[in-house]
Amino acid sequence: MHSQQSGRRRFLKSGAALAGWAVGAVRSVSGQAPAGSEPPAALAGSEASSRDYGVRSGFETSGRLTHIQAWVANVGPPVAPALRTPLQDSVGIITPAPLHYVVDHGSPTPGIDPRQHSLLIHGLVDRPLLFTLDELKRLPAVSRIHFLACAGNSYLPLEQRQNAKTVQETHGWTSCSEWTGVPLSLLLQEVGVQKGGTWIQAEGAEIRKLASSIPMAKALDDVLVAYGQNGEAIRPEQGYPLRLIVPGFEGIRNVKWLRRIKVVDRPYMMKYEGTIYTNLRPDGTARWFQLELETNSVITSPSGEQRLPGPGFHEITGLAWSGGGAIRRVEVSTDGGRTWKDAQLQAPVLAKAHTRFRFPWNWDGKEAVLQSRSTNEWGEVQPTKAALERMWGVTPDYWLTTTNRIQHFNAIQPWKVTSDGRVHNVIWET
Ligand SMILES: Nc1nc2c(c(=O)[nH]1)N[C@H]1C(S)=C(S)[C@@H](COP(=O)(O)O)O[C@H]1N2
Ligand SMILES: [Mo]
């Protein structure tokens, strides 16, 4: 253990230790058999029995929800199904990988052979390098728990907006995993970023090769080149075998099936960051590169379409998250926002991770409106929909009529419990 740690420290101090792995001169240094001959065990996965790889109880039916994302359809066929996490059934803060949300942009999930996959880092660098998976896995790694959220979460296209009933439909484009990988700062140190290298472009290996720009300051801060998710290899839908994790930034920055990072001198307005992932304001101007996600929260139980069996004790619980660090406080109102009381934050409360909150409630059987409001470590407070309207200079009917894309919508979510115990989404009713 000790010798391994000092070995890692030696590695970190040795500067350009990987310089020999220059493009075109890549060798396997893992000491394992070269790629080729025998088929990988993974390909036999369909034959695996539940003893080899466990399956959940047949009584458990919670699943992702598919819907065709109209915004993507606008950009060009074929449309990609977008899968939403069943937050109403979630417990704790970790999303099981088979329930992690999925947002893709028109390409089928690539079936990448990890032995054939590599990551190229080039552009404004002293030594362009090509890393195989085995080479990346030899490097000092970290594991961190972070949420992902699509910038378009909680704001559906017009035709679906008013019909969204459940928390899966309203907020299901956020999930939280433990991610394992190599800090991007380490790789950038190895390639040697040149003066003027102020942004990176990250590119995926799918047919359409989604690419996304990230400022160098963030790239050198806490970004991970991840190969692990919740203790195993990243799932194909999440970017197998390699993805970027850009903690707290909107989902689009977290490039899946990562194959190339180019160090550049400015954001290059890649297709999606310059089109659907902009915030279109009422006056027709667009806000670009709104990277960090705002403080947010939602009550997951009781939530839309659930039914309380009757008056008496119910625990109100939900999730809070912020791209700007840790959640400091969550308050809950059971009277439509007239009074607020602190919810209990469940440990661990981690930066840029889902935070579980809990609040004891005795329902008297009368109509009630339940809401949660988060505050992050910078003191940023989650706004009401009315506060967002003041900020945008619009009236409530704006949201119900505009076809403008609204990103980063983080309004407080109200759930109304009627006297029959049914729970309803009433966000658009005020
Ligand atoms: N290569 C690639 N990376 C991608 C995307 C994509 O379509 N292709 N979608 C992005 C968007 S918009 C989001 S919200 C997240 C979704 O990550 P997930 O599907 O693992 O939940 O991945 C991002 N990374
Ligand atoms: Mo997204």
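Predicted model: local features only at pLDDT ≥ 70, side-chain atom pairs only at ≥ 80, totals over all residues.
A residue counts as buried when its relative accessible area is under 20%.

**The cysteines**

Cys 176 has a relative accessible area of 0%, so Cys 176 is buried. Cys 150 comes out at 5%, and because this value is also under 20%, Cys 150 is buried. As for disulfides, the count is zero.

**Where the ligand sits**

If you turn to ligand 1, you will find it in the largest cavity. Around ligand 1 there are 20 residues, and the closest are Tyr 101, His 105, Glu 206, Arg 243 and Lys 256. Sorted by class, this shell holds nine nonpolar residues, six polar ones and five charged ones.

| Residue | Protein atom | Atom of ligand 1 | Distance |
|---|---|---|---|
| Lys 256 | polar side-chain atom | oxygen | 2.5 Å |
| His 105 | N or O atom in the side chain | oxygen | 2.7 Å |
| Val 103 | polar backbone atom | nitrogen | 3.1 Å |

Val 103 meets a nitrogen atom of ligand 1 through its backbone, while His 105 reaches an oxygen atom of the ligand with its side chain.

How much of its accessible area does the protein cover on ligand 1? On its own, ligand 1 has 530 Å² of accessible area, and the protein covers 100% of it.

Technical notes:
Residues numbered from 1 in each chain as written. Chains lettered and ligands numbered in written order. Heavy atoms only, no water. Near = heavy atom within 4 Å. Polar contact = N/O pair within 3.5 Å; in protein donor to acceptor, adjacent residues only side chain to side chain. Areas by Shrake-Rupley, 256 points an atom, 1.4 Å probe, with all protein chains shown as cover. 1 Å grid on protein atoms, 1.4 Å probe; cavity = no way out; pocket = protein on both sides within 12 Å on 5 of 7 lines; lining within 4 Å. Sits in = over half its atoms within 2 Å of the grid points. Nonpolar A, V, L, I, M, F, W, Y, C, P; charged D, E, K, R; others polar. Disulfide = S-S within 2.5 Å. Buried < 20%, exposed > 50% of the residue type's maximum accessible area, 1.4 Å probe, protein only.
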